[in-house]
Amino acid sequence: MMSVLATENEFNKLFKRATRGEKDVMFLFLSPDYDKTCKQLRGHLLKGNYKQGKNLYIVNSFVTPHAFVAYNTTQVPCLVSIINKRRKTETYLPFIYDSLGVCLQ
C-alpha cells in the first residue's frame, strides 16, 4: 500500500504508531517540486512501478515541512523504515530503489 501524506497530523499519528511497534511502515521523504531525482522517483511510484509489501508513505517537503524537522532529515530522497521499533535511514539512491523494488526498465 502506498499513499501520499497530505497533513502533518497524519505523519505524526503514523510515526508514533510505528515507533511504538504497532505498525511497520516506510516513509519516503521527497522534495519533488525542485529536485529532478525526487520527481522521477515519485513518478515511478505513482505509476505502480514498484514491488513493496510494507506500507509506504510519501512525505513531501513542501506540504509537510514539520515531518522533515521531526525526523531531522537533511537530504532527499530519504527512505526511513521503521520495522519492529527499529529505525533504518537510507539516503543512497541505488539502495532506495532496491528497497522499494523500483524497476527502471
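## Briefing on a predicted single-chain model

N55 counts as buried, at 18% relative accessibility, where buried means under 20% relative accessible area, exposed over 50% and partly exposed in between, with a 1.4 Å probe and protein chains only. This is a predicted model, in which local features need pLDDT of at least 70 and side-chain atom pairs count only at pLDDT 80 or more, whereas totals for chains, interfaces and linings use all residues. Residues are numbered from 1 along each chain as its sequence is written, and side-chain values use heavy atoms, with hydrogens and water left out.

**Overall fold**

- The protein chain contains 4 helices and 5 strands, these being DSSP runs numbered from the N terminus (helices are H or I with at least four residues, strands are E with at least two).
- Along the sequence these elements follow the pattern β-α-β-α-β-α-β-β-α.
- The radius of gyration of the protein chain is 13 Å, close to the 13 Å that the globule rule gives for 105 residues, so the chain is as compact as a globular protein of that length; the radius is taken over C-alpha atoms, and the rule is 2.2 Å times the number of residues to the power 0.38.
- Taken along the principal axes, the box filled by the C-alpha atoms is roughly 40 × 25 × 20 Å.

**Burial, contacts, surface and charge**

- Of the 105 residues in the protein chain, 39% are buried.
- Among contacts with a separation of 6 or more, 71% are made by residues 24 or more positions apart, a contact being heavy atoms within 4.5 Å.
- The accessible surface of the protein chain comes to about 6,200 Å², and carbon and sulfur atoms account for 48% of that area; accessible areas come from the Shrake-Rupley method with a 1.4 Å probe, and for residues only the protein chains shown count as cover.
- The chain carries 15 positive and 8 negative charges, whose mean positions are 4 Å apart; Lys and Arg count as positive and Asp and Glu as negative, while His and the chain ends are not counted, and each charge is placed at NZ of Lys, CZ of Arg, CG of Asp or CD of Glu.

- N55 lies in strand 3, which covers residues 55-60, and, leaving aside its neighbours within four places in sequence, N55 is in contact with M1, K23, D24, V25 and M26.
- N60 is also found in strand 3 and counts as buried, at 11% relative accessibility.
- With neighbours within four places in sequence again left aside, N60 is in contact with L30, P32, D33 and F68.
- The C-alpha atoms of N60 and N12 are separated by 14 Å, these residues being 48 residues apart along the chain.

- The peptide bond from V76 to P77 is cis, with omega near -5°, and P77 lies in the loop between helix 3 (65-71) and strand 4.
- Strand 4 (residues 78-83) and strand 5 (residues 86-90) pair in the antiparallel sense over 5 bridges, pairing being assigned if DSSP finds at least two bridges between two strands.
- Within this pairing, E90 in strand 5 is the bridge partner of L79.
- K85 is placed in the loop between strand 4 and strand 5 and has a positive phi of about 65° although it is not a glycine; at 56% relative accessibility, K85 counts as exposed.
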